[in-house]
Amino acid sequence: MTLRATTWQTVGPFFSIGLGRRYRSELAGEGMEDEAVPGEHVCVHGRVLDGDLLPVPDAILEIWQADAAGRYANPEVESQRLAGRCFTGYGRVATDDDGRFNFSTIKPGAVAGPEGALQAPHAVVGVMMRGLLRRLVTRMYFTDERLNSTDVILQLIALERRRTLLLTPEPNRPGHYTWDIHLQGPDETVFFDF
């Protein structure tokens, strides 16, 4: 008797069958003809790397975030429908053969955290790939945010590990950021249990 996991016990590798048509790398499109999605438009580029710094070519990233005013989308509640109809607060992107991914969105606003304290602008990112029994969940933060110093989640993480959650602004390219996700190793990205 072998104790190998079967295909229904691991995530993937069947992403192209079930998820491919639902990829969405533009979280904040142009909107309707006379309506642009409000907020600072940004592009995030990066790679998913394993413990040997080799690219992971079959990963899927799911991104959830608030809009520029710090509101999450909830189409079922009138007061929580976002003004920019092309902004859903959600995206899904795949890595290419070199483990690269990219997506464009708006910079999220600060959202209320525990006991009403404001959390720094961030996005929640889920990572799925072949061989994982369940998805990994992390966050990405903007390096230059003043609220980073008081964000309740960032304060739970050792100072030397926080850098794994920070986007790096690209020089001479305003609005472009780099962020690599390391699955293991000395630069392993901080992942959260939910």
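**Entry 1: Glu115.** I began with Glu115, which I found in the loop between strand 5 (111–112) and strand 6 (118–119). I note at the outset that the model is predicted. Looking up the backbone angle, I read a phi near 60° for Glu115, a positive value in a residue other than glycine. I kept this on record because most residues other than glycine have a negative phi. Is Glu115 buried or exposed? Its relative accessibility is 86%, so Glu115 counts as exposed, the cut-off for that class being over 50%.

**Entry 2: Leu53.** I then turned to Leu53, which sits in the loop between strand 1 (41–49) and strand 2. Although Leu53 is not a glycine, I read a positive phi of about 65° for it. I also looked up its cover: with a relative accessibility of 54%, Leu53 is over the 50% cut-off and therefore counts as exposed.

**Entry 3: partners of strand 2.** Next I asked which strands pair with strand 2 and in what sense. One partner is strand 3 (residues 90–94), which pairs with strand 2 in the antiparallel sense over five bridges; within this pairing I located Ile60 opposite Ala94. Another is strand 7 (residues 122–128), which runs antiparallel to strand 2 and is joined to it by six bridges; here I located Leu61 opposite Val127. As background for reading such neighbours, I note that in a regular strand the side chains alternate between the two faces of the sheet.

**Entry 4: the whole protein.** Read from the N terminus on, the order of the elements is α-β-β-β-β-β-β-β-β-α-β-β-β. Of the 194 residues in the protein, 43% are buried. For the accessible surface I noted about 11,300 Å², with 53% of it belonging to carbon and sulfur atoms. Lastly, I looked up how far apart in sequence the contacting residues lie: taking contacts between residues at least 6 apart, I found that 69% join residues at least 24 apart.

How values were computed: Residues numbered from 1 in each chain as written. Predicted model: local features only at pLDDT ≥ 70, side-chain atom pairs only at ≥ 80, totals over all residues. Heavy atoms only, no water. Pairing = 2+ DSSP bridges. Helix = DSSP H or I, 4+ residues; strand = E, 2+ residues; numbered from the N terminus. Buried < 20%, exposed > 50% of the residue type's maximum accessible area, 1.4 Å probe, protein only. Contact = heavy atoms within 4.5 Å. Areas by Shrake-Rupley, 256 points an atom, 1.4 Å probe, with all protein chains shown as cover.
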